[in-house]
Amino acid sequence: MTVGIVAFPGTNCEQDVAYALESLGAKTVTVWHRESSLDGLDAVVLPGGFAHGDYLRTGAIARFSPIMAAVEKLAAEGRPVLGICNGFQILCEAGLLPGALIANRDLKFICRPAHLRVESTDSILTRAATIGQVLTIPLNSYEGNYVPGPEAPNAVLRYCDPDGNVTEAANPNGSAEGIAGIANGAGTVAGLMPHPERAIEDFMASTDGRVLLESFIASVEATPAGVASG
Amino acid sequence: MAETLHRQLGMTDDEFTAVNGILERPPADPELAMYSVMWSEHCSYKSSRVHLGGLPTDAPWVVVGPGENAGVVDIGDGWLAALRIESHNHPSFVEPYQGAATGVGGILRDIFTMGARPVGLWNQIRFGDLSDPHNRYLFNGVVAGIAGYGNAVGVPTLGGEVEFDPVYAGNPLVNVMCLGVLQEEQLVLGTAGPPGTVAVLLGAATGRDGIGGASVLASASFDEAAGAKRPSVQVGDPFEEKKLIEACLDLYDRRLVVGVQDLGAAGLSCAASEPAARAGVGMDLNLDAVHLREPDMTAPEMLMSESQERMMAFVAPDQVEEVLAVAARWEIEASVVGTVAGGDRLRVYHNGQQVVDVPAASLTDEAPILRRPIARPDWMDELWKRTDRQADVPIDVALLGLLDDPALGDRSWVYEQFDHMLFLNTVHGPGRDGSLIRVRGTSKGLAVSTDGNGRVCQLDPRRGAERLVYEAALNVAVVGARPLAVVDNLNFGNPEKPEVMWQFTEVLAGLGAACEALGVPIVGGNVSFYNETDGQDIYPTPVVGLLGMAEPIPSLPEPVTGGMSMLLIGPEQTDNLAGSAYQRVVRGALGGRPTRVDADQGGRTIEFAIRLTHVIHGAVLHDISQGGALMAAVELLIAGGVGAHAEFRSVEQAFGEDPHRFLCLVPANRKPEVEQLALEVGCRIEDIGMTGGSDLTIAGPETINIPLERLRDVWANAISARMHGAVHE
């Protein structure tokens, strides 16, 4: 089982995500954005950073990178596709997830831990968690303010206070309904703004990122080879 | 005609005469352009050089000392650390966002030029009072610029300091430090290599931005027309820099470069002449091959351009193709622009014609050395005598005033705009005394603290500088690290004034003495003069960046809870408040002579702090600096959300800032262990109270009670409430 981690020029969290997934037992390989195939890989992560400098609009250039056709193919096969932060923005821009991410309410970059409430366990990101569980995971973004499309998204994580209440005061960036992470209808493509790889060891803000990354790894293992291929 | 040109370029008549002497003819315009930037104060250190020789720069672990792009020290087991600090004061005043952003870009290039991956950034920023909207605009812009560049380039910003004082209103200070880590065999130097070596220009295209930044901006004072200098500010592109970092590190991994020089101040002029001078060779530079942003640039413009995100790699001829392929892989531009030549001449060609023919080393080594007059200011004695005791207020009123001060209150408004977690190595990030990051693959941690205090240095530049070194050393000691090396950023006023040169030499004497006493070498530095606006000089503001190493990384401090003994460690506070935050916030007028460092006691305190972190697991340590012991205690209580009962017998005991002292909090039953250790090291220890409850109770001349909640609210709003709302201009 091998997870591909896509690096665009300007991506900067690819090594962190590889380190985190490998420390939890997964095998990873970094894939440059000019590649056009993900053949042989069982899942893919689009990590955080500033793909193509985030110029024009976050993800606007990255969605045209050659690798994105392969990401779309993998998603169509029902294999796990996860976007973290900038990766979430790219998945939205590519139409693999609904909605968009715009500048934070206060027009400031935010780097600090946020509390998240698990809303659904029906996704590659949350299957090992429990509904209502409160996780503490660092946020690190300027464009983290989620705006849904015409239909209500499948929200899997919401910003909340330490006790799990989703309130406006606990919403760091103005996201609609406090949404921090979503999935597609089948739960196989997921994206979130906070960085689970930044919460995996004792000296970090928490170790709550593990349950999300373990969910992802378990989902990869649970997706039989050759599923829906074609 | 040329006479007017040299003055326009910021050169004196004497310097122009010297150029004529070196060339034995009048210089052509492109030659004059090169001398003007290379001989500028910013590049040549002409006012400071004669004084810098006396600093302690040697230690067995120093691999590269001052003079290269960055200092490099051996941290053991085949690993090296590279460090450097630099100012971007003037550009940040003219255009705060881009000025600060390009300051970050420049310091990063100094680090990865050495072969190191940049792993952390620290910024030291100083502004005028936030009640003035222009200062809020500058502060907001500088923080946004550091965030915009540092976050996007993918290097975490791990700490720094922020200060506010009216003296910086006309001349804010923006210093940035960077730390890099590399393995021994990856070290690269800024040398051109033997004749035949090929010069490859990597990265961004050369444009007209930043022309004369070193001479026009950085080496002159400001007046009302400062805004007209905006075209001299460079514009940063962190995306280009990110690609450049990865491309260069890839080139080093493949052993494809002989030497590398970044293009910062003085651009191509510097990147061609410095590596040639270091290698004792000549260079042929072909401007027609330089990739340009604007097609019709003149030779002087190309030679002076300070376009960002460019590097010059020196490559063996048979490896050029491979270097160009690596550049293409990382999607950066690359041009073969020159060849190392025998002899000592730097020759530049443009439109097929030779336009420059000068001795390469004359640009770097023969820059004028000035021995500027030095005189102790006649106002020093008056300043020392001024100790106003009239305006004291009750301790609780003073404490609330200090907590509400933007330099002392919660600084998370600043550092939460910076990515401080990237690379997953941040053990202690911003908001702590010293930052600490792990070096993966080893059991080592690297700690950094950056410290400045212009007010104390104004009152006594020598004592002030000594105190900064001890403060920085203690800051890394309280996170478990032993001091290893120092870089300094020396921010001063106009060096043409004898009093400023006196402050400068006094600061150097203090830095040298303190580093000598602690056995810590100075491995690099930066001098920024002409920090003056309309004749008003800033306080002498040296900033010390100190690197320490912890091995192993000690266990994390426990959360602050009830039932902990509050122990004050270090010499007894004297009745001296000179230069303190209390004097600034409560009394107003600056005056008195600050307490000097006690090298013996200071050394013991630092040693004790290191031992404590490694021996008493979970102990909470916090350096005492601005705001004194009471402020240090309140910061810990706010972090833990718990009150305390503490004793402070006087204003001086509460708010005095005498050097090398710290607080240690441990569960009360572990106090004897700390006392035993203090006895072994020979440190004074004083029990000042016990944590618990939800109020802070201070027993002193009168007993005072304040809910912790109130202290926290005031502290939390110190910056954010002042910066709320629009600050755009």
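This is a predicted model: local features need pLDDT of at least 70, side-chain atom pairs count only at pLDDT 80 or more; totals for chains, interfaces and linings use all residues.

Me: Where is Asp534(B) found?

Reply: Its place is the loop between strand 19 (532-533) and strand 20 (536-537) of chain B. Helices (H or I, at least four residues) and strands (E, at least two) are DSSP runs, counted from the N terminus. The backbone at Asp534(B) has a positive phi of about 50°, although the residue is not a glycine.

Me: What is the phi of His52(A)? And is His52(A) buried or exposed?

Reply: Phi of His52(A) is near 55°, again a positive value in a residue other than glycine. His52(A) is buried, with 23 other C-beta atoms within 10 Å. In chain A, the loop between strand 3 (43-46) and helix 2 (67-76) holds His52(A). For context, most residues other than glycine have a negative phi, and most peptide bonds are trans.

Me: Which residues does a cis peptide bond join?

Reply: The bond between Glu551(B) and Pro552(B) is cis, with omega about -5°. Pro552(B) sits in the loop that runs between strand 21 and strand 22 (564-569) of chain B.

Me: A change of topic. Which strands stand at the edges of the open sheet of seven strands?

Reply: That sheet belongs to chain B, has mixed pairing and runs in the order 23-25-22-26-24-27-28. Strand 23 (620-623) and strand 28 (704-707) stand at its edges with a single partner strand each, so one side of each is left without a neighbour in the sheet. Strands count as paired if DSSP finds at least two bridges between them.

Me: In what sense do strand 24 and strand 27 of chain B pair?

Reply: Strand 24 (residues 644-647) and strand 27 (residues 695-699) of chain B are parallel and share four bridges. At one of these positions, Ala646(B) has Ile698(B) as its bridge partner.

Me: And what order has the open sheet of six strands?

Reply: The order is 14-15-16-21-17-18, in chain B, with mixed pairing. Strand 14 (426-428) and strand 18 (522-528) are the edge strands, each having a single partner, so each leaves one side without a neighbour in the sheet. Strand 14 pairs with strand 15 (residues 435-438) of chain B in the antiparallel sense over two bridges, and Thr426(B) stands opposite Ile437(B) there.

Me: How many residues has the largest nonpolar core?

Reply: The count is 316 residues, and those with the most contacts inside the core include Val44(A), Ala313(B) and Val469(B). Such a core is a set of buried Ala, Val, Leu, Ile, Met, Phe, Trp, Tyr and Cys residues joined through C-beta atoms within 7 Å. Helix 8 (residues 133-153) of chain B supplies the largest share of the core, 10 residues.

Me: What does Val469(B) touch?

Reply: Leaving aside residues up to four places away in sequence, Val469(B) touches Val486(B), Leu511(B), Ala514(B), Cys515(B), Leu518(B) and Val544(B). Contact is counted where C-beta atoms, placed from the backbone, lie within 7 Å.

Me: How many residues of chain A are in contact with chain B?

Reply: There are 21 from chain A, against 19 residues of chain B. On the chain A side, helix 1 (14-23), strand 6 (110-118) and strand 7 (134-141) each supply at least two residues. Strand 6 of chain A gives the most, with three.

Me: What of chain A itself: how many helices and strands?

Reply: Chain A has four helices and 11 strands. Its C-alpha trace spans about 45 × 35 × 35 Å along the principal axes. Buried residues make up 59% of its 230 residues. Of the contacts in chain A between residues at least 6 apart in sequence, 76% join residues at least 24 apart.

Me: Finally, where does Gly640(B) lie?

Reply: Gly640(B) is in helix 23 (residues 628-640) of chain B and counts as partly exposed, with 19 C-beta neighbours inside 10 Å. Beyond residues up to four places away in sequence, Gly640(B) touches Pro559(B), Val560(B) and Thr561(B). Ala152(B) is 488 residues from Gly640(B) in sequence and 33 Å from it in space, C-alpha to C-alpha.

Notes: Residues are numbered from 1 along each chain as its sequence is written. Chains are lettered from A and ligands numbered from 1 in the order in which they are written. A residue is buried if 20 or more other C-beta atoms lie within 10 Å of its own, exposed if 12 or fewer, and partly exposed in between; C-beta atoms are placed from the backbone. Two residues are in contact if their C-beta atoms, placed from the backbone, lie within 7 Å.
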